[in-house]
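Q: Hi, I'm new to this one. Could you show it to me and walk me through it?

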Amino acid sequence: MKTVEPLRRRACEGLAGHVVEIGFGSGLNVPFYPAAVTRVAAVEPAEVGWKLAQKRLRAASVPVERSGLDGQSLPVPDDSYDSALSTWTLCTIPDVATALREVRRVLKPGGTLHFLEHGLAPDEGVRRWQRRLEPVQKRVFGGCHLTRPVVDLLSTAGFTITEVDIFYEDGAPKFLSADSLGLAVSPGTDEGGPG
Ligand SMILES: C[S@@+](CC[C@H](N)C(=O)[O-])C[C@H]1O[C@@H](n2cnc3c(N)ncnc32)[C@H](O)[C@@H]1O
C-alpha cells in the first residue's frame, strides 16, 4: 500500500472546496486531502469500507460525511460540488457511463474530477492478457474490470481532459496496473457531451 501513496498524493493535489469522493472505500485518500478542501462527501456502498474508515476519519482535518451509496445515482442537486475524486473505482462501478454523467451533473461548471484509475493497457500484448483474465478478475474481485478505457470513458461523458499521465505501477503486474492519473474538467450539465 505504501508504494501507491505518492500516487494518491498526486491524485489529491489541487482538490479544493466541497469535494465528492466516489468509491470512498476505507478512506485511504483522507491523509492526502489538501488544506484547501473544506468538506468531503463520501460515496461508498460497502459497510465494511465505511467501518474501516472510521479511525482515519477521526484523525482527519476536514469533515467527511457519507452522502451516497452509489455513484450511479447521487442524491444531491446539480452543481453541488467544487471538485471530485475517484481512485481505482471506475473499474468496479457496474454502469460506469451513468456514474460519470452523475459526477458531471453534481460538479459545478468548470469543476474538476481528479482521477487515478487502472484500465485498458497502452500495449496490445498486455491488452490480450487483460481480455483473457477479465472474467476471472470480475468474479473474484467484486466486479472489477481490467479493460475499461478510462480516458475514452471520461471524454464520452463530456469531460475535457486537461492532464493525463498513463503508466504501469512499479512492482505490480501490468495487466492490473495500467493507470491513468489526471484531471477532467466538467463543462456543466448543459454544455457538450451526453446530457
Ligand atoms: C478497488 S476499491 C477502491 C477504494 C478507494 N477508492 C481506494 O482508492 O482505496 C473500489 C471501491 O468502489 C466501490 N464501489 C463499488 N461499486 C460502487 C458504486 N456503484 N458506487 C460507488 N462506489 C462503488 C467499492 O465498494 C470499493 O470501495
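**The ligand and its surroundings**

A: Happy to! The largest pocket is the space taken by the ligand; a pocket is an open set of 1 Å grid points with protein on both sides within 12 Å along at least five of seven lines, and a molecule sits there if more than half of its atoms lie within 2 Å of the grid points. This is a predicted model, where local features need pLDDT of at least 70 and side-chain atom pairs 80 or more, while totals for chains, interfaces and linings use all residues. Residues are numbered from 1 along each chain, and side-chain values use heavy atoms, without hydrogens and water.

Q: What lies 2.6 Å from an oxygen atom of the ligand?
A: A polar side-chain atom of E44, a polar contact (N or O atoms within 3.5 Å). A backbone N or O atom of G71 is 2.8 Å from a ligand nitrogen atom.

Q: New topic: how many aromatic pairs are there?
A: The count is 1, with ring centres within 6.5 Å as the rule.

Q: Where do F24 and W50 lie?
A: F24 is in the loop between β1 and β2 and W50 in helix α2, so the pair ties together parts 26 residues apart in sequence.

Note on methods
A polar contact is a pair of N or O atoms within 3.5 Å; within protein, one must be able to donate a hydrogen and the other to accept it, and residues adjacent in sequence count only if both atoms are side-chain atoms. On a 1 Å grid over the protein atoms alone, a cavity is a set of points where a 1.4 Å probe fits but cannot get out, and a pocket is an open set with protein on both sides within 12 Å along at least five of seven lines; lining residues have an atom within 4 Å of a point. Rings of Phe, Tyr and Trp (its six-membered ring) pair if their centres lie within 6.5 Å; planes under 30 degrees apart count as stacked, over 60 as edge-to-face and the rest as tilted. Helices (H or I, at least four residues) and strands (E, at least two) are DSSP runs, numbered from the N terminus.
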